[in-house]
Amino acid sequence: MRRVSMATRDELVGAVRQRYIEGGRAEKARILDEFVAVSGFHRKHAMRLLRNGSPAARSGPRPERRIYDDAVREALIVLWEASDRICGKRLKTLVPILVEAMERHGHLHLTAEIRTRLLAMSAATIDRALREVRDIAGGPRRRRSTASTALRRSVPIRTFSDWQDPPPGFVEADLVAHSGPTARGSFIQTLCLTDIASGWTECAPLLVREQKLLSEVLTELRRFLPFQLLGFDTDNDSVFLNETIRDYCLDAGIEFTRCRPYRKNDQAFVEQKNGAVVRRIVGYRRLEGLEAAAALAQLYSTVRLFVNFFQPSFKLAEKARDGARVRKRYHLPATPCQRLMGNPQTPASVRAKLAQIAAQLDPVRLLSDMRAAQQRLVAIADRLSTSDSAVSEPALDQFLSSLRTAWREGEIRPTAKPKTKQKRERRRPDPFAGVTHELRGWFEEGPWQTSRELLARLQSEYPGKYPNLLLRTLQRRVKIWRKEKAHEMVFGTTSSAAAFQAMTE
């Protein structure tokens, strides 16, 4: 049965109530049966309504309880911007770390009440408080040569389920191409390493796809890792699967494994970081040349600290399959630094080093440096000269104050903004260049004339010079003149220079 609205039920009560009160026992039973069948009310509730009538005024929807006022919301927006706009579940874990770090460096001054409420907010409440803010703010690959069968057999395969619970040091590696819309020519690629146990991520630019250069970059990345590199798991790309990288791992005592061909889920950890770190921060522009590689390396020097110390992430705890449904359970969000500190297999020396580094880091300074490095990278990628693309880095206090209102500007990452398109200009000579003033005079004499009439008059004055194919061009010209004439009639003035510029474009 289709349910009727509450307004209709109130009207129904008012229509039958008087007959119900005045009727006898049998009539009351009949009216009550029909009323219950139509309204869907319980019989006892229907009897009370017909005796007493509907309430005089409904209370309406229950007002939302405002536990967190505007001051708490403003502080939450600043923390959300300082975390690079992560989700509520990850921000919930990061808030205590971020508040302590920002207060330690003098970027945040919270009262005891606001601080207590911020720390008590749940992830769902954080998402609700930031809902409006988020709403406002918010090609084929080349086929490469494969390795020989003997080489592929010498590198064992490791699938996603084979990892179990490894100690820190076993990483997955992948390359992210910065080729832009086309993969032709030479372009920069990013080597991304992700630790399985902690999610610690390191990135470095590769100027060209060359195995010897890859081994040198890998040596540099090993210096930045807080743990010893124990395992190196890659896909079947030829830049990884070759004698140079295999021998490099054998000499360094690193276990070299590979995933199954065309099975990206075997490298789920690093594939997730390719999007969440590299693409999110660098974007999809084409990068090539030494200057872009140096700018990208400078950006990654800041990104590694910001991501590994101030970006909580999820980690899969278990996965169960029930028929066609897959149920997943995740650990609580934590930063890679927190996972390393809490892992019993992490050496004490590594923990002490991480604690020392974390005590000195300023998240707002890191975010400010990252934004400036992104702006420089965009200027290089968009092929602007250094004189035309000078990046002005705001002072730290100005950058901190901008975090309160940055959400109103929408997307603020320079690398996420699309490349500005140049204005399309006239590509052919103006066919009416010699008779523009004459045509304008005819139009002023009779603004009601159509473009076809003006072209016919022009053809009679200059036979064989202006064909009918120019009608559409003249129509666009007359449209601009009519707009200018309307402006003049309303405001009394017109900008001839602006109109002529718009006309010739």
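This is a predicted model: local features need pLDDT of at least 70, side-chain atom pairs count only at pLDDT 80 or more; totals for chains, interfaces and linings use all residues.
Q: Let's start with a helix. How many residues does helix 12 have, and what span does it reach from its first C-alpha to its last?

A: Helix 12 covers residues 268-282, which makes 15 residues. Its span is 20 Å from the first C-alpha to the last, close to the 21 Å expected at 1.5 Å a residue.

Q: Where is the kink in helix 12 centred?

A: The kink is centred on asparagine 274 and comes to about 35°.

Q: Which residues of helix 12 are buried?

A: Here is the general idea. An α-helix has 3.6 residues a turn, so residues three or four places apart point the same way. Now the case at hand: the buried residues in helix 12 are Val270, Lys273, Asn274, Val277, Val278, Ile281 and Val282. Asn274, where the kink is centred, is one of the buried residues.

Q: What covers those buried residues of helix 12?

A: The cover includes three strands, namely strand 1 (170-177), strand 2 (189-195) and strand 3 (201-206). It also includes helix 13 (290-310) and helix 16 (363-381).

Q: And what follows helix 12?

A: Glycine 283 does, and its phi is positive, near 90°.

Q: Which residues other than glycine have a positive phi here?

A: Two examples are worth a look. Arginine 85 has a positive phi of about 60°, and glutamine 164 has one near 55°. Arginine 85 sits in the loop between helix 4 (70-82) and helix 5 (88-104), while glutamine 164 belongs to the loop between helix 9 and strand 1.

Q: Are arginine 85 and glutamine 164 buried or exposed?

A: Arginine 85 counts as buried because its relative accessibility is 11%. Glutamine 164 is exposed, with a relative accessible area of 71%.

Q: On to charges. How many salt bridges does the count come to?

A: The count comes to 25 salt bridges. Let's take a few pairs in turn. Arginine 134 pairs with aspartate 127, and their closest N and O atoms are 3.2 Å apart. Arginine 134 is partly exposed at 25% relative accessible area, and aspartate 127 is partly exposed at 28%.

Q: What does arginine 158 form a salt bridge with?

A: Its partner is glutamate 255, with the closest N and O atoms 2.8 Å apart. Arginine 158 lies in the loop between helix 9 (149-154) and strand 1, and glutamate 255 in strand 5 (residues 255-258), so this pair ties together parts that are 97 residues apart in sequence. Arginine 158 is buried, at 12% relative accessible area, whereas glutamate 255 is partly exposed, at 37%.

Q: Where do glutamate 445 and arginine 457 lie?

A: These two form a salt bridge as well, their closest N and O atoms being 3.7 Å apart. Glutamate 445 is in helix 18 (residues 436-445) and arginine 457 in helix 19 (residues 451-461), 12 residues apart. Glutamate 445 counts as exposed at 55% relative accessibility, and arginine 457 as partly exposed at 31%.

Q: Which residues are linked in a network of salt bridges?

A: Asp84, Arg280, Arg371 and Arg413 are linked in such a network.

Q: Now the rings. How many aromatic pairs does the structure hold?

A: A pair of aromatic rings is described by the distance of the centres and the angle of the planes. The structure holds 10 aromatic pairs. One of them joins phenylalanine 35 and phenylalanine 41, 6.1 Å centre to centre with 50° between the planes, which is a tilted arrangement. Phenylalanine 35 counts as buried at 3% relative accessibility, and phenylalanine 41 counts as buried at 14%. There is also an aromatic cluster formed by Phe232, Phe240 and Phe256.

Q: Finally, how many disulfides are there?

A: A disulfide is a covalent bond between the sulfur atoms of two cysteines. In this model the count comes to zero disulfides. Cysteine 192 is in no disulfide, and the nearest cysteine sulfur, that of cysteine 203, is 3.9 Å away. The cut-off for a disulfide is sulfur atoms within 2.5 Å. Cysteine 192 counts as buried, at 0% relative accessibility, whereas cysteine 87 counts as partly exposed, at 32%.

Definitions and conventions: Residues are numbered from 1 along each chain as its sequence is written. Side-chain values use heavy atoms; hydrogens and water are left out. Buried means under 20% relative accessible area, exposed over 50%, partly exposed in between (1.4 Å probe, protein chains only). Helices (H or I, at least four residues) and strands (E, at least two) are DSSP runs, numbered from the N terminus. The expected span of a helix is 1.5 Å times one less than its number of residues. The bend at a residue is the angle between axes fitted to the seven residues ending there and the seven starting there. Contact means heavy atoms within 4.5 Å. A salt bridge is a side-chain nitrogen of Lys or Arg within 4 Å of a carboxyl oxygen of Asp or Glu. Rings of Phe, Tyr and Trp (its six-membered ring) pair if their centres lie within 6.5 Å; planes under 30 degrees apart count as stacked, over 60 as edge-to-face and the rest as tilted.
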